[in-house]
Amino acid sequence: MHAETESMSPPVGLGFRRDLAESILGAPTSSFDFMEVAPENFLGFGGQRRRLLARLQDRWPILAHGLALSLGGHDPWDSSHLDELAAFMEEIETPHYSDHLCLSSAQGSHSHELLPLPLTREKARHLADRIREISGTMPIPFAVENISAYGRWPEDELTEADFVTEVIERADCGLLLDVNNLFVNASNFGFQAEEMLDRMPLEATVQIHIAGHTLRQDGLRIDTHAEPILDDVYSLLRRALPRTGPVPILLERDDHFPPLSELLEEVEAIRKIGREVFHEDR
Amino acid sequence: MKTDDLVRFTFAKEPVPVSLERADLYRKLTRSIHHDILRIAFPRTLELLGSEAMGASIDQFLEEGGPGTLQYPRVPDDFIEWATESQHPQADLLDYERATVRAERHPAEIDHRKAPSPAEPMALNPTLQVSSHFRPVHEISPDNPDPPIETNPRVYLAWRCPITDTVARQRVGLVIGRCLGLIGTQALTREEWIQEALDTETGNDPESLRSALLETHRDLVSRSGLFSAE
């Protein structure tokens with residue numbers, strides 16, 4: 001990444017979405033330090049999708065972040081998908097690969113939604129076993145992301161932070177810390193976000209995600225990535241960085257796309273926090 | 001309930017008891033993203049069938065297991081596969097739907113195909129004809145009724161361009177003509193073709209020949225006389 005050689009500040013990137021393609025590609029390269037793509041949107045595709053990817057690669061380093069491994073499930077791995085995934089990682093030279101601590105497929109059906117898992121020791125062991133299996137197929141380090149959730153299972157026996165810690169320690173993998181998801185969950189389940197953050201295994205962090213979310217009238221927060229980032233979420237980022245170090249930070253926006261200038265303001269706000277935490281603005 | 005059962009639950013048209021708190025919200029979110037992608041992927045089908053009939057088909061697709069692909073952009077392809085194999089109470093409607101979704105998906109299917117790999121063999125346009133003449137008959141005109149006979153024959157290529165449906169022509173030298181003949185007899189990638197030509201046409205300057213072959217390749221590919229990765 002740029003930051004490794006040029007500064008201590010964390011590199012700040014954007015999650016690539018096709019709706020944003022032309023405005024992103026029309027922006028100065030310096031607007032972002034990297035782009036993040038979901039391989040599921042490119043694997044096996046030619047045509048426009050591949051041309052877009054090539055144009056992104058010409059301008060920025062690319063990180064890959066997956067959506068579909070269903071780490072908490074029981075379906076056997078799709079070996080042809082894993083082969084394609086490994087080839088894709090080498091092609092784009094992503095430094096690590098990540099997916100979510102969730103269930104998304106079972107018995108060959110794929111929900112394309114990140115479904116929550118019971119926060120139990122047994123499930124943590126199951127996840128860790130699956131993560132170790134999948135890590136072994138990959139040419140680069142693997143990390144897992146904490147998801148947002150709207151409901152809990154009655155058999156839960158661990159806090160989310162302890163669950164994530166147990167999985168990461170057992171699997172010996174990295175953490176992709178999503179500070180928005182953490183805030184959403186703290187709010188939805190009545191915890192203090194700062195306390196939850198402090199209990200997370202932040203030293204394992206390889207990347208951070210940050211985004212906005214939607215607050216429903218009933219008080220439930222939904223992880224839509226369709227709104228600006230809240231100040232409370234920026235505060236969590238600032239609190240996390242001293243322990244995570246200057247890892248890449250990704251802005252996610254998936255809906256209600258604003259003008260690019262507004263996204264660039266958010267990128268600049270993130271960069272400013274990075275500079276302040278790592279003393280470059282002093 | 002096993003945790004894995006949650007996946008099938010999220011496809012259900014009506015809620016069923018699940019111990020996960022707010023499970024029905026997940027069901028609504030999951031169903032919503034699938035209805036959205038399929039309605040966006042098949043706008044013409046939606047228009048022809050109407051929202052209710054299209055929605056009923058999507059509901060049935062989800063109830064019967066939903067997508068098997070783990071790539072969200074390929075969900076429409078799974079829907080087509082389901083429609084092809086599915087039994088539907090309104091068989092006539094489903095026949096109609098099968099045809100429209102297939103037709104609507106063709107441009108995306110073609111665009112999604114990968115470009116030919118440099119590792120794949122080249123192929124001459126199947127309409128391509130080669131002729132060679134010592135007398136440049138194509139130059140005969142009232143002003144030039146008897147062009148001189150040449151020492152080496154002139155090689156002419158003619159083919160029909162599949163995009164414009166017009167005939168294209170090109171004159172090439174005798175050596176290049178012979179080299180193009182190699183493509184018709186062997187399955188060669190571009191690099192294999194160039195190497196074979198250099199090995200065969202030993203009386204030529206290798207660098208000049210390589211350059212001429214690359215230029216011919218580029219020109220013929222751009223005009224659909226040759227199908228090959230760039």
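The chat below goes through chains A and B of a predicted model.

Reader: What is this, measured or predicted?
Author: This is a predicted model.

Reader: OK. What secondary structure does chain A have?
Author: Chain A has 10 helices and 12 strands. Its radius of gyration is 18 Å, close to the 19 Å that the globule rule gives for 282 residues, so chain A is as compact as a globular protein of that length.

Reader: What does chain A span along its principal axes?
Author: The C-alpha trace of chain A spans about 50 × 45 × 40 Å.

Reader: And how much of chain A is buried?
Author: Of its 282 residues, 60% count as buried. The accessible surface of chain A is about 11100 Å², and carbon and sulfur atoms hold 47% of that.

Reader: What about contacts in chain A, how far apart in sequence are the partners?
Author: Take the contacts between residues at least 6 apart in sequence: 80% of them join residues at least 24 apart.

Reader: Can you show me one residue? Where is Phe88(A)?
Author: Phe88(A) is in helix α4 of chain A, which covers residues 79–92.

Reader: Buried or exposed?
Author: Phe88(A) has 1% relative accessibility, and buried means under 20%, so Phe88(A) counts as buried.

Reader: What does Phe88(A) touch, apart from its neighbours in sequence?
Author: Beyond the four places on either side, Phe88(A) is in contact with Val37(A), Pro39(A), Phe42(A), Leu43(A), Arg50(A), Leu53(A) and Ala64(A).

Reader: And how far is His213(A) from Phe88(A)?
Author: Their C-alpha atoms are separated by 30 Å, and the two residues are 125 residues apart along the chain.

Reader: Now a loop residue. Where is Val247(A)?
Author: Val247(A) lies in the loop between α9 (231–244) and β12 (249–252) of chain A.

Reader: Why does Val247(A) count as buried?
Author: Because its relative accessibility is 11%, and the cut-off for buried is under 20%.

Reader: Which residues is Val247(A) in contact with?
Author: Leaving out neighbours within four places in sequence, the contacts of Val247(A) are Pro10(A), Pro11(A), Thr205(A), Val206(A), Gln207(A) and Ile208(A). Of these, take Thr205(A): Val247(A) is 42 residues from Thr205(A) in sequence, and 7.5 Å from it in space, C-alpha to C-alpha.

Reader: Let's switch to chain B. What is the order of helices and strands?
Author: Chain B comes to 9 helices and 5 strands. Along the sequence the pattern is α-α-α-α-α-α-β-β-β-β-α-α-α-β.

Reader: How does the radius of gyration of chain B compare with a compact globule?
Author: Chain B has 29 Å, whereas a compact globule of 230 residues would have a radius of gyration near 17 Å. The C-alpha atoms of chain B fill a box of roughly 90 × 40 × 25 Å along the principal axes.

Reader: Which domains does chain B have?
Author: The domain assignment gives domain 1 (1–88) and domain 2 (108–230). Taken over C-alpha atoms, the centres of these domains of chain B are 51 Å apart.

Reader: How much of chain B is buried?
Author: Buried residues make up 43% of the 230 residues in chain B. The accessible surface of chain B is about 12600 Å², with 53% belonging to carbon and sulfur atoms.

Reader: And the contacts in chain B?
Author: Among contacts in chain B with a separation of 6 or more, 49% are between residues 24 or more positions apart.

Reader: Last topic, charges. How many are there in each chain?
Author: Chain A has 25 positive and 49 negative charges, with mean positions 1 Å apart. Chain B has 25 positive and 37 negative side chains, and the centres of those two sets lie 1 Å apart.

Key. Residues numbered from 1 in each chain as written. Chains lettered and ligands numbered in written order. Predicted model: local features only at pLDDT ≥ 70, side-chain atom pairs only at ≥ 80, totals over all residues. Heavy atoms only, no water. Helix = DSSP H or I, 4+ residues; strand = E, 2+ residues; numbered from the N terminus. Rg over C-alpha atoms; globule rule 2.2 N^0.38 Å. Buried < 20%, exposed > 50% of the residue type's maximum accessible area, 1.4 Å probe, protein only. Contact = heavy atoms within 4.5 Å. Areas by Shrake-Rupley, 256 points an atom, 1.4 Å probe, with all protein chains shown as cover. Lys, Arg positive; Asp, Glu negative; His and termini not counted. Charge placed at Lys NZ, Arg CZ, Asp CG, Glu CD. Domains from an automatic or database assignment.
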